[in-house]
There are 2 protein chains.
Amino acid sequence: MHVLIFGAAGMIGRKLVQHLAQTGELAGQAITALSLVDVVPAERPVGFAEKTSVEVLDIADPGAAARVIAGRPEVIFHLAAVVSGEAEADFEKGYRINLDGSRHILEAIRREGMKAAYRPRLVFSSSIAVFGAPFPEVIGDEFFNTPLTSYGAQKAISELLLTDYSRRGFLDGIALRLPTICIRPGRPNKAASGFFSNILREPLAGREAVLPVAPEVRHWHASPRAAVGFLTHAAAMDLKSLGARRALTMPGLAATVAEQIEALRRIAGEKAVRLIRREPDPVIAGIVAGWPRTFDARRALALGFRPDASFDEIIRIHIADELGGSVPVPS
Amino acid sequence: MHVLIFGAAGMIGRKLVQHLAQTGELAGQAITALSLVDVVPAERPVGFAEKTSVEVLDIADPGAAARVIAGRPEVIFHLAAVVSGEAEADFEKGYRINLDGSRHILEAIRREGMKAAYRPRLVFSSSIAVFGAPFPEVIGDEFFNTPLTSYGAQKAISELLLTDYSRRGFLDGIALRLPTICIRPGRPNKAASGFFSNILREPLAGREAVLPVAPEVRHWHASPRAAVGFLTHAAAMDLKSLGARRALTMPGLAATVAEQIEALRRIAGEKAVRLIRREPDPVIAGIVAGWPRTFDARRALALGFRPDASFDEIIRIHIADELGGSVPVPS
């Protein structure tokens with residue numbers, strides 16, 4: 001099986017590549033070719049380098065996606081995007097990459113199918129940013145999309161396109177609205193959501209972290225490992241039961257900041273918790289107040305998508321996958 | 001006030017032009033210039049010809065919309081589209097006109113605003129085709145968009161774009177999801193929804209009409225006059241109260257075919273009703289079964305949009321506006 005990943009050098013992309021290289025298979029079939037595409041060169045996975053090709057291209061360039069689709073991969077992961085903050089700061093760039101880029105990929109697939117029968121599986125990473133406040137307490141599967149960012153609008157539009165291209169038989173697509181990824185590896189960044197990861201990752205590494213919101217703030221989380229599980233499950237499952245409704249809210253773990261901190265205390269002790277400094281930031285608190293808190297993702301659950309079991313598990317996954325299995329700070 | 005209409009030669013466009021020319025004003029201001037744009041030359045309204053300019057262009061051509069937006073109209077009606085059947089039959093044409101065309105208009109406005117401050121009112125005619133079965137019995141204002149046609153997808157995408165461009169301050173937009181227009185003037189066409197109008201318009205003119213579905217079939221209707229009322233109200237109202245939710249389902253009149261026929265009987269008598277020939281068509285019945293029946297359009301009602309009062313009124317409007325005030329067939 002030939003697998004192609006757009007956005008292979010991003011955080012989720014790298015995790016997915018690692019996973020595919022380790023298992024060597026997807027949807028019960030051996031991976032014979034792995035094409036990694038991004039605007040920067042993606043890393044070839046150890047032990048899988050000979051089956052891997054790396055292509056540097058920008059999906060916003062018309063014709064670029066067609067070059068790699070010409071290889072007729074059976075499964076395509078579309079994870080390429082500029083993030084929320086950048087799409088908001090640079091209106092034109094956001095639309096060029098997050099809308100035109102998605103459309104170029106869909107069109108490249110449709111046009112490839114005009115040469116000879118071709119209907120690949122397309123797994124698209126969408127976002128809960130397709131939703132916008134005011135929300136009901138729990139957001140159900142039939143709640144409407146009213147994004148409050150250009151990024152959210154671009155994701156919602158890409159979902160509609162993917163659904164229509166699927167209905168027309170050009171491809172077999174599914175869009176997954178990923179929860180906020182926690183614990184996000186790497187250094188703290190300026191994303192408004194960064195603190196959800198910072199307050200765990202930094203203390204686990206013996207460093208201070210800033211908490212800008214109240215402990216009562218509730219949010220919707222998934223570990224990087226759960227996200228990779230969503231993507232590979234979506235690549236393998238029978239999509240017939242989705243009917244014409246191909247965008248799914250993924251089951252996350254709803255947790256308050258206080259619950260996150262309690263989990264940290266159980267796993268890394270009081271000393272780690274003491275590294276969290278409360279520093280209320282009304283701007284960040286305001287942004288976060290407009291975010292969804294809890295979903296009833298029953299469609300995805302019924303289709304076999306599995307959330308993290310607890311925040312303890314989310315922390316243990318980070319320790320296993322990023323910290324070599326142990327916590328530097330003793331409790 | 002300068003008013004521009006994209007799609008001025010279409011059915012609703014012509015009705016709107018007539019209305020604006022008759023009243024000579026919009027949103028309480030005298031209309032000093034009326035620009036009519038379509039792919040065919042729109043008719044200059046009687047008594048308003050000297051204030052009217054007619055432009056033939058295709059919004060799918062990049063740069064075409066910018067030519068007329070350069071006139072900096074204060075109010076823009078965007079009614080241009082290829083219809084549902086055509087967008088389904090010709091995939092590329094549907095996207096070129098209903099998606100790229102809408103985007104060209106939005107971009108032309110945004111770019112005009114980069115030269116000097118410009119933030120026109122944009123009223124866009126969307127459609128209940130943004131919804132797709134299965135439905136709840138009554139569709140509320142927060143029900144999600146899962147279109148089952150390319151036309152519906154294109155309308156839903158245009159709504160998202162208009163909303164994001166409005167949120168960013170490039171324009172002041174509102175999208176109206178129009179009910180099925182009844183009684184549609186002109187000759188019977190091949191649209192699957194045509195019979196809702198045919199079974200009234202044809203008997204009123206002394207001609208036979210075919211009814212392909214059961215009398216129990218319920219649908220969501222608005223007269224051409226009500227549709228024009230929606231558009232002019234949307235051009236005049238304060239949009240602040242809409243917040244970031246700028247797509248509204250318009251209040252239609254929910255009626256069964258049997259109720260339509262009863263209204264015809266009351267107004268034009270038994271002889272007219274006898275001109276309706278039952279000829280069940282399982283294909284049309286199947287298509288219609290997938291359509292929405294009833295909405296709870298409470299947001300639009302609260303904002304002052306007014307539906308037709310009854311099917312008797314819908315028929316009387318047709319008689320007044322299309323038949324010179326009298327019915328050729330005596331009861």
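How many of the 18 residues of α5(A) are buried? In this predicted model, local features need pLDDT of at least 70 and side-chain atom pairs count only at pLDDT 80 or more, whereas totals for chains, interfaces and linings use all residues. Residues are numbered from 1 along each chain as its sequence is written, and chains are lettered from A and ligands numbered from 1 in the order in which they are written.

Of the 18 residues of α5(A), 17 are buried, so the helix is largely enclosed by the rest of the structure. A residue is termed buried if 20 or more other C-beta atoms lie within 10 Å of its own, exposed if 12 or fewer do, and partly exposed in between, with C-beta atoms placed from the backbone. Helices (H or I, at least four residues) and strands (E, at least two) are DSSP runs numbered from the N terminus. At 1.5 Å a residue, α5(A) should span 26 Å, which agrees with the 26 Å between its end C-alpha atoms; the expected span is 1.5 Å times one less than the number of residues. A:R167 lies in helix α5 of chain A and counts as partly exposed because it has 18 C-beta neighbours inside 10 Å. The helix is followed by A:G169, whose phi is positive, near 85 degrees.

Helix α5 (residues 150-167) of chain A also contributes seven residues, the largest share, to the side of chain A that touches chain B. The contact takes 18 residues from chain A and 18 residues from chain B, where two residues are in contact if their C-beta atoms, placed from the backbone, lie within 7 Å. The side of chain A comprises nine nonpolar, five polar and four charged residues. Here Ala, Val, Leu, Ile, Met, Phe, Trp, Tyr, Cys and Pro count as nonpolar, Asp, Glu, Lys and Arg as charged, and the others, Gly among them, as polar.

In chain B, the peptide bond from B:A133 to B:P134 is cis, with omega near 0 degrees. B:P134 is placed in the loop between β7 (121-127) and α5 (150-167) of chain B.
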